[in-house]
Amino acid sequence: MPLRDRSRPRLAAPRSSGKAARPHLRVLGTEITLIEPLRRMAEDELGISLSFESLDFLSAQRKAALEPDSYDIYDQCFHNLDIVWFWRAIQPIDLGRIERWSEVSDLTKRGRISPLASLGRGENPNKVLYVQPDLSLGERPSSRISMLPTVHNLDAFAYLPHLFPDRRADEASWGWLFDPEIRGRLALVDEPGIGVFDAAMAFESRGDIRFGDMGNMTIDEIDGLMGLLWARKKEGFFAGLWRTAAQSASDMMSGQAGIGSMWSPGIAAVQQAGRTLAEAVPREGYRAWHAGLCLSSRLDGDLLDSAYAYLNWWLDGKPGALLARQGFYMSVPGRVRAAMPAAEWAYWYAGQPAPASLPDVEGRPMIPKGAVRPGGPYWQRAEHIAVWNTTMDEYNYLARRWSNFADGFT
């Protein structure tokens, strides 16, 4: 089905929530944000009940598009928005009901954190942020948005340092993923809108391929990239593919993998287990992603009011302060700073050595005193985005090619 036509008419009228003493909201999403401490916090502060359904990226996207009656809030990433918007499974968000919209950073509103920052290739979130008069999505500001920008991050890869004894950390490159010296130890994330870009940047860095626009590849470019991936698969470069941060951490801790795509919760899990793992700061730049919240098209009445209260709560600082312990940044950093201990702000956002041992989302010790987050302060990292997770024009073709490639991995 086409993905870029975002003007499909509404399929059905919103359902009515009815009256309830304690509103119940069903949130569909992924492990990125659907964590129990966050659910408990929201229930306590909003006086509502919440249920979280956490699936992998592709399964969540499919269910959100085809079963809008099964959830009230869709908590996902901007690059997983196209299909769901195409099917009118979600409704526009009225900015008049978002109290702190003026405090949301320029990273999503204008596409870059500062005038000097790189825009990054691919589908920068601001390209699909605003709802246009014809119900398409675009970057021209309007009074309605498709998704409320929340947490985001600047991802790279992680590796076991002993595999690169003669390499300096400040020389890290995406090209290391396909270094012949570590054949058999590579693990990529099994999601074509994410893993394909890690591979693309690695091959481009090694001089194996060039893209006119990596964020929107042509059929020929996709064929060239997938041909390179198949060749490396046959040569035994891969330890496997993964779909959850927990699986990526397990692969590293077992020694099955030694380098590859990793998200900050997976990196933290390995380090918390006492294993040595390095988070790369690639000289080519980061692969960025941005998550957000959408409203089901079936919401109306009192339940819609509760959903807006939930969206506004996300911008009050406390959710961002909690999720900083996952390594994630928030679209309202000023609010987050006011809500979190100074020691945590110093490490997670300011790029300074941890003044004390810092906790994870459950309050357990995670970051040792003196540790420094790789890459420097948030604003410095956000200025070096190489590409965004993206659903490109030829995504359907890419997804089929990727599925064939992924077949046989366990």
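**Exercise 1. The end of helix α5**

Task: Find which residue with a positive phi follows α5.

Solution: The model is predicted, so local features need pLDDT of at least 70 and side-chain atom pairs pLDDT 80 or more, while totals for chains, interfaces and linings use all residues. Residues are numbered from 1 along each chain as its sequence is written, and side-chain values use heavy atoms, leaving out hydrogens and water.

Step 1. Helices (H or I, at least four residues) and strands (E, at least two) are DSSP runs, numbered from the N terminus. Helix α5 covers residues 195–205.
Step 2. Gly-207 follows α5, and the phi of Gly-207 is positive, near 80 degrees.

**Exercise 2. The packing of α5 and α6**

Task: Decide whether α5 and α6 are roughly parallel or roughly perpendicular, and describe their contact.

Solution: 
Step 1. Axes are lines fitted to C-alpha atoms, for helices over the stretch in contact, and angles run from 0 to 180 degrees between N-to-C directions.
Step 2. The angle between α5 and α6 is about 90 degrees, and the axes are 10 Å apart.
Step 3. Angles under 35 degrees count as roughly parallel, over 145 as roughly antiparallel, 65 to 115 as roughly perpendicular, and the rest as oblique. The two helices are therefore roughly perpendicular.
Step 4. Contact means heavy atoms within 4.5 Å. On the α5 side the contact has Val-196, Ala-199, Ala-200 and Phe-203, and on the α6 side Leu-225, Leu-228, Leu-229 and Arg-232.
Step 5. By class, this gives 7 nonpolar, no polar and 1 charged residues. Here Ala, Val, Leu, Ile, Met, Phe, Trp, Tyr, Cys and Pro count as nonpolar, Asp, Glu, Lys and Arg as charged, and the others, Gly among them, as polar.

**Exercise 3. Salt bridges**

Task: Count the salt bridges and locate the pair of Arg-287 and Asp-155.

Solution: 
Step 1. A salt bridge is a side-chain nitrogen of Lys or Arg within 4 Å of a carboxyl oxygen of Asp or Glu. The count by this rule is 24.
Step 2. Arg-287 and Asp-155 form one of them, at 3.7 Å from N to O. Arg-287 is in strand β14 and Asp-155 in strand β9 (residues 148–159), so the bridge ties together parts 132 residues apart in sequence.
Step 3. Arg-287 is buried at 0% relative accessible area, and Asp-155 is buried at 4%.
Step 4. For comparison, take Glu-362 and Arg-40, whose closest N and O atoms are 3.7 Å apart. Glu-362 is partly exposed at 40%, and Arg-40 is partly exposed at 36%.

**Exercise 4. The nonpolar core**

Task: Name the residues that touch the most other members of the largest nonpolar core.

Solution: 
Step 1. A nonpolar core is a set of buried Ala, Val, Leu, Ile, Met, Phe, Trp, Tyr and Cys residues joined through side-chain atoms within 4.5 Å.
Step 2. The largest core has 143 residues, and Phe-178, Leu-229, Tyr-310 and Tyr-349 touch the most other members.
Step 3. Helix α9 (residues 301–314) gives the most to this core, with 8 residues.

Conventions. Buried means under 20% relative accessible area, exposed over 50%, partly exposed in between (1.4 Å probe, protein chains only).
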